[in-house]
Amino acid sequence: MHDIVIRGGTIIDGTGAEGFLGDVAIDGDKLVQVGGEVGPGKREIDAKGLLVTPGWVDVHTHYDGQATWDPMLAPSSWHGVTTVLFGNCGVGFAPCKPQDHDALIDLMEGVEDIPGIVLSEGLKWDWESFPEFLDALERQPRAIDIGAQMPHHPLRVYVMGQRAIDFEDATEEDIAEMQRLTEEALKAGAFGFTTSRTESHRTTKGERVPGRYAAFDELIGIGKAFGTVDHGAYGMLNDFEDESAEFAWMKQVGQESGRPLWFLMTDRYSDPERWKRLMGNVHEARDAGADVTAQIAGRAVGIILGFSTSLTPFSGRPTFASLEGMPQAERLAKLKDPEIRAQILGEENSDLLLNKLPPLQRAIASRWDRMYVLNDPPEYEPKPEAAVEEAARLANKTPQEFVYDFMAEGDGGGMLLFPVTNFVTGDLEPVHEMMQDEATIIGLGDGGAHCGQICDASMPTFMLTHWTRDRTRGGKFPVEWAVRRLTSETADFFGFKDRGRLKQGLKADVNIIDYDALQIRRPEVIFDLPAGGRRLVQRAEGYVTTIVSGTPIFENGEATGALPGKLVRAG
């Protein structure tokens, strides 16, 4: 008798093969039979009319801090994710000397919008080296599995101290030590190394990240660590200011190490053809023997604007800024006061206040044409009539009046979407094109990060609902395609060898999904982080059961209390 038998579902096995009706048997933490005649189970789950898939493997999250105190890792776990990978974008918390704790917290707050007070309260710092960090993660009970990567910025500070922060070039000795520590991390179970070479990543003081201008010999030298192991991927966020030069060093690392390289890619309003040039470089690098891949998002990466989030179009106005820091209920009451409303709407943006804001937030202050109403359920490929300018015209209001009143309405939870990338054409057609290229991988969900302004951890659910079922403005994909992209492709790329497929002998990570009822809800703000910290979360409906290592962790959207998740060590 099997421990669990899932009866009569449509099995989408993660390989891309056509779905078929059948049963799945689980014993312990393993899949023991997929299809065919399956005997009885101690527990039988009726999956007739439902999809049975592998659990999602989400390879771009920032749960580096949250994983040290939170066993659930929501909202990712609410969306069928059974394995997450963090240590992305070159940021993280190991290796780290005690005197640098505050600097790394400031870096994570600036780059990934995770409040510093939350990290100060939540992090135990019972580690210094990267292997010790993995040991600390291993001690924490959890619902889903996690993996970690070695981040460049803390590594550089650990080796070079203040010289790293001052952007001095690494010496041969510095590079050798960074290479040694990366090799040590890989051998301890890191799934790779990541860095960030972009102007968009800054500390809370507006300073560039330590690895921003790292010389090519440093990046190539660290890459030599991969030559000593047979696993791991080298990843980055890169502005590609000199596309030829950047791809040259990336190609060299790939050729010398034999390991895959990946970088984050989206379209840009300022250069809409850029992503096509980058993909051309990817294929040239592959032809030259370097395994280079572009990691992409399945939808527009967008800022969420609201009176309960950290960004609004009114942040540069003095009266609005004077209300910051108030308790939420008191602040909302003042914002609803007609006199204060009139005062804020009648003010110009203050140059002094705007200059303290990042360039993106300065743009938000006036780009009414790039804001869209987020309803429930939210539409992430909104039609032109959902734009604020059009909605305001229909309501016989100015755009700023419409936005203010919409965000202040009811409990103050009204939200707008401001697409930053992947929406240059006013639709998701560029994403549709990117996803058809086999030299791309799905990621960029950023679970755990951007607590007050972005909520993209629902990306896996969106891949099924939008791209295989609901899209009306262009082409769609088979559900088998989307499941493969979220499971076997991501697992194989990073070396999670025991998951990503429904296959006998593999790990029993399974989603049972009511495909017709599957739905993403509108983002909401909750205050459940350490020190009462705020974060945006997004719930889902339609996940009937999520199983990790043969143990159900969610049933009908409710946590079972089981914590079968573990740290996964690469190799």
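**Entry 1: two helices**

I began with a pair of helices and found that α4 passes α6 in a right-handed crossing. I note here that the model is predicted. Helix α4 covers residues 152–160, and helix α6 covers residues 172–188. I looked up their axes, which come within 10 Å and cross at roughly 130°. Angles over 145 degrees would count as roughly antiparallel, and 65 to 115 as roughly perpendicular. The two helices are therefore oblique to each other.

Which residues of α4 meet α6? I listed His 152, Leu 155, Arg 156, Tyr 158, Val 159 and Met 160. On the α6 side I wrote down Asp 174, Glu 177, Met 178, Leu 181 and Thr 182. I then sorted the residues of this contact by kind: six are nonpolar, two polar and three charged.

**Entry 2: a parallel sheet**

Next I traced an open sheet of three strands. I read its order as β6-β7-β8, with parallel pairing. Strands β6 (56–58) and β8 (145–148) stand at the edges. Each has a single partner strand, so one side of each has no neighbour in the sheet. Ignoring direction, I found neighbouring strands turned by 15° against each other on average.

I stayed with β8 and checked the loop between it and α3 (130–139), where Gln 140 lies. Is Gln 140 buried or exposed? Its relative accessibility is 15%. Buried means under 20%, so Gln 140 counts as buried.

I then asked what Gln 140 touches, leaving aside its neighbours within four places in sequence. Its contacts are Ala 67, Thr 68, Trp 69, Asp 70, Pro 71 and Lys 124.

**Entry 3: an antiparallel sheet**

Last, I turned to another open sheet, formed by three strands in the order β14-β16-β15. Here the pairing is antiparallel. I marked β14 (301–305) and β15 (372–374) as the edge strands, since each pairs on one side only. The twist averages 40° from one strand to the next.

Strand β16 spans residues 415–421. I found that β14 and β16 pair over five bridges, in the antiparallel sense. Which residue of β16 is the bridge partner of Ile 304? I found Leu 417 there.

Notes:
Residues are numbered from 1 along each chain as its sequence is written. This is a predicted model: local features need pLDDT of at least 70, side-chain atom pairs count only at pLDDT 80 or more; totals for chains, interfaces and linings use all residues. Side-chain values use heavy atoms; hydrogens and water are left out. Two strands pair if DSSP finds at least two bridges between them. Helices (H or I, at least four residues) and strands (E, at least two) are DSSP runs, numbered from the N terminus. Axes are lines fitted to C-alpha atoms, for helices over the stretch in contact, and angles run from 0 to 180 degrees between N-to-C directions. Angles under 35 degrees count as roughly parallel, over 145 as roughly antiparallel, 65 to 115 as roughly perpendicular and the rest as oblique. A crossing is left-handed if the near helix is turned anticlockwise from the far one by less than a right angle, and right-handed if clockwise. Contact means heavy atoms within 4.5 Å. Ala, Val, Leu, Ile, Met, Phe, Trp, Tyr, Cys and Pro count as nonpolar, Asp, Glu, Lys and Arg as charged, and the others, Gly among them, as polar. Buried means under 20% relative accessible area, exposed over 50%, partly exposed in between (1.4 Å probe, protein chains only).
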